[in-house]
Protein chains: 2
Amino acid sequence: MTETMKRIVLARRPTGAPVDDDFRLEESPAPEPGEGEVLVRVHYMSLDPYMRGRMDDAKSYATPVPLDGTMEGGAVGEVIASNHPNFKPGDFAFGMFGWATHGIQPGDVLRKIDPAHGPITASLGVLGMPGFTGWFGLTEYGQPKEGETVVVAAATGPVGSMVGQIAKARGCRVVGVAGGPEKCKMAVETFGFDECLDHRAYADGAEMRAALAEACPKGIDIYFENVAGKVLEGVLPLMNVGGRIPVCGMISWYNAGALGANAGGDKDQLPKLWRMILVNRLHVHGFIISDHFDRFADFMREVGPMVASGQLKFVEDIAEGLENAPRAFRGMLEGKNKGKQVVKVI
Amino acid sequence: MTETMKRIVLARRPTGAPVDDDFRLEESPAPEPGEGEVLVRVHYMSLDPYMRGRMDDAKSYATPVPLDGTMEGGAVGEVIASNHPNFKPGDFAFGMFGWATHGIQPGDVLRKIDPAHGPITASLGVLGMPGFTGWFGLTEYGQPKEGETVVVAAATGPVGSMVGQIAKARGCRVVGVAGGPEKCKMAVETFGFDECLDHRAYADGAEMRAALAEACPKGIDIYFENVAGKVLEGVLPLMNVGGRIPVCGMISWYNAGALGANAGGDKDQLPKLWRMILVNRLHVHGFIISDHFDRFADFMREVGPMVASGQLKFVEDIAEGLENAPRAFRGMLEGKNKGKQVVKVI
């Protein structure tokens, strides 16, 4: 009795913000798992900013999604058939199942999830790739020290909220940037940021800078970069000598296309940045979290108990239905989500 | 019998390239050394790109030279009076004597130079601040590994030629960039670079990139940044995953003023750079060599014998007369010097 599998494919490459017609819903019988493989019925799938890059046909750290191919992404669900000794029907597993109701992966690359340890959606956010990204980038490249000032944008997202909470736990002053007064309130009240600035209140990098200067009277030691744009412009002149900038994303520029064409800003930005790096002896580290999964166990060891005890908070924004994934994705790039964006697939 | 001291003061802050009227030659009796101080009659003074930054009145890593103040800089000369037990008349010493025929410094901050170990001018270049800059930036932040490809501009300058030769000694492929066929020949024949590109032959970053791509078939692992401009634009797209960029200068942008205003380039440069840092997981490290003089002894231990044995080459370009320092300085920013620019003061 084969189940029907629905999946969302990339119908064409978006220009700027993705629209509905860039995607297509397809149906087919769910495939049978081959040797060593596991078939999972997806309960929740993850939406993450990096997926925008996969829609472009440009050199990046990963192959683009092919046209008519299933959109990629992490998801969690219930095993319904298994040819792998570690998994049996009824188990829960996280894997790269894509934007689909069902997925097949080799059992060797799946992570088993125990629903008794909390909501299975945590494997997509706070205890998954985004949380790991925040923890790794901050601790490995940010090297936070007590009394330092940390700035992170997208403060209520799953990466930013991890960065902020770990930095607080290490004794830093943490200033968030988020879109809208509601998110700023959440950053302070739910996630414990010392302050959070609403970037919508500032027209450009200069205004952003003035607000940040007030919120960071001792300058900025660590800027965890995940948005770029005017936040970056505002932050750079305030970096202290020896400051660190882990770079894991640039969401405000993603819709500008692979090479940032028409991303705005003045033509002297690069010389200004370069001068700041020199004058303030900054250390800028680009990283892609998939290079570092050898550290995932360290992450779970530190952060797992903090989540279990309730010390480390997380917030999820759950859209309903696979067919709404494109809309939810677009909303996330526009900052409409509150907390980690997830789609409930069944 | 007091000697007459000549010095060049900053008469006004230059706009763009410094011109003669930005400076003024002054004469006064040479001062007397105070307690613990040493008076030196300068033989050679150093001209270095960083001095352009000192002429601007902008936040930098050092205080600007005040108007009517003596231009700063390192110099080497003969002790003619000393109130410090480590120095006696006839000794040679390196210190920050500025653009002047005489200088006074506390004996504690002077470095004694032994003329028996080679030309005293080496203390201004290959065995001084520029050579140390190249060695430190390459080894500490570049982390060169055998078989990697290193690109360095201003290849025949005292920093670039050090970077290239140390990188070669560590088994790297080294590609230089320099201005004009004569310098390129020097980079290859004198300093042992594998290849050297004449940046004048390339109109912009795109042409620079095409030439670099051919010279670096395995991509670029380390870009030692000391010029910025079109070389930087050409290099960035060719950086390999995990590449390192030590940043110690940006000579092509110095004359653009402190904040790089009108430095040229298109307005999407910053997004492009930022994307490259992310996609290729680059590590960018700004540094100012004066932070790292605790490593100077390590440098001398490794490089001193290489210079003494002739394994490590150096070339000096010696201008005659203090009054010609402004012209020689301007020429250096335009790349007219061949090798380390020095001024013979007496």
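## Strand pairing around S12(A)

Strand S12 (residues 239-247) of chain A and strand S13 (residues 283-286) of chain A run parallel, joined by four bridges. This is a predicted model.

Zoom out and you get an open sheet of 12 strands with mixed pairing, in the order S10(A)-S9(A)-S8(A)-S11(A)-S12(A)-S13(A)-S13(B)-S12(B)-S11(B)-S8(B)-S9(B)-S10(B). S10(A) and S10(B) stand at the edges with a single partner strand each, so one side of each has no neighbour in the sheet. From one strand to the next, the twist averages 15°.

## Helices on the sheet

H4(A) packs on the sheet, touching S9 and S10 of chain A, and its direction makes about 170° with that of S10(A). Over in chain B, helix H3 (residues 158-169) packs on the sheet too, touching S8(B), S9(B) and S11(B), at about 165° to the direction of S8(B).

H4(A) spans residues 181-189, and its buried residues are Lys183(A), Cys184(A), Met186(A) and Ala187(A). Looking down the helix axis, these fall within an arc of 160°, so they line one face of H4(A). Their cover includes strands S9(A) and S10(A). On the other side, Pro181(A), Glu182(A), Lys185(A) and Glu189(A) are exposed.

Methods
Residues numbered from 1 in each chain as written. Chains lettered and ligands numbered in written order. Predicted model: local features only at pLDDT ≥ 70, side-chain atom pairs only at ≥ 80, totals over all residues. Heavy atoms only, no water. Pairing = 2+ DSSP bridges. Helix = DSSP H or I, 4+ residues; strand = E, 2+ residues; numbered from the N terminus. Buried < 20%, exposed > 50% of the residue type's maximum accessible area, 1.4 Å probe, protein only. Arc of directions from axis to C-beta. Contact = heavy atoms within 4.5 Å. Axes fitted to C-alpha atoms, helices over the stretch in contact; angles between N-to-C directions.
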